[in-house]
Amino acid sequence: MFSYTTRSLIGVGKRLRVPVPFRSLSSPSQPNAPSPEPATTPKARPAPTPATESLEAKQPSLDAEQPSEPRVKEWYQRLSAIGEDTRLPRSVLAIYSRPLRRKAEYGLPVCDLQLRSYSVRNVEFFADFAIRAAYYLNLPVSGPVPLPRMVERWTVTRSNFVHKKSKENFERITLRRLIQIKDGNPEAVQAWLAFLRKHAFYGVGMKANVWEHDSLDVGKSLDASLPEVEKTLGPHLERFGQREDNSADQSIFDALDSDRFAERKYI
């Protein structure tokens with residue numbers, strides 16, 4: 001049974017009267033009093049048998065504490081869970097591991113690729129991409145080797161006249177990585193460089209030094225190609241050292257015997 005009364009609030013600017021509910025306590029003799037519930041005696045639990053003991057051991061207890069928040073799984077745990085249900089391609093699984101490499105047989109350098117960037121995150125990512133591409137092109141690769149950083153600094157005057165002593169310094173740091181290809185086919189190396197140029201990453205510059213190896217009979221091949229070289233360079237070497245506007249097709253002796261020089265010969 002509920003009834004409402006008013007109570008004054010002291011301590012405020014104005015006297016307010018707010019209705020506050022309260023419950024009146026009634027004795028058990030009153031008709032509205034709640035009847036007491038009869039006390040129930042606990043039933044005796046039957047004695048456990050060996051069969052019931054084994055079933056209780058197998059069933060987990062309901063009172064076991066369960067974690068309030070689910071635990072975050074690591075990436076390798078997620079990958080193993082996916083692998084149990086479905087079979088992923090080998091190329092997809094290789095993304096979560098280190099880049100595969102091929103072993104060089106002779107160790108002869110064929111190409112040196114230098115990567116430059118102002119961000120270590122970009123240069124490391126593209127170096128990993130280049131190593132993975134070299135593996136699928138059957139190119140033995142070594143690296144990436146960190147090269148010394150290139151540090152450039154400038155000092156600029158902020159203002160002039162009386163404020164010329166106020167200056168500001170700027171700094172630019174270039175990070176470099178070296179990737180070396182050994183014992184690779186020249187055509188495969190060119191295809192690798194073209195693939196990297198096509199899929200170039202923003203903020204990363206590339207510089208490649210490529211070596212080509214020839215046989216020991218390279219001198220004989222140069223002698224055999226000499227007539228073709230002379231035939232190609234002949235028209236350019238005939239007028240070497242002459243003016244471009246000189247269109248006279250005559251030798252030096254014909255020029256000395258001409259009337260132009262004969263008049264001044266006996267002066």
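Biologist: Where does Y96 lie?

Modeller: Y96 lies in the loop between helix 3 (90-93) and strand 3; helices (H or I, at least four residues) and strands (E, at least two) are DSSP runs, numbered from the N terminus. The model is predicted, so local features need pLDDT of at least 70 and side-chain atom pairs pLDDT 80 or more, while totals for chains, interfaces and linings use all residues. Residues are numbered from 1 along each chain as its sequence is written, and side-chain values use heavy atoms, without hydrogens or water.

Biologist: Why is Y96 called partly exposed?

Modeller: The relative accessible area of Y96 is 44%. Buried means under 20%, exposed over 50%, and partly exposed in between (1.4 Å probe, protein chains only). Y96 is therefore partly exposed.

Biologist: How do you know that strand 3 and strand 5 pair?

Modeller: Pairing requires that DSSP finds at least two bridges between two strands. Strand 3 and strand 5 have 8 bridges, in the antiparallel sense, so they pair by that definition.

Biologist: What makes strand 4 a partner of strand 5?

Modeller: Strand 4 (residues 141-157) is joined to strand 5 by 13 bridges, and the two run antiparallel. E152 stands opposite R172 in strand 5.

Biologist: Which residues does I179 touch?

Modeller: Contact means heavy atoms within 4.5 Å. Leaving out residues up to four places away in sequence, I179 touches several residues, including L113, L115, A127, V141 and W192.
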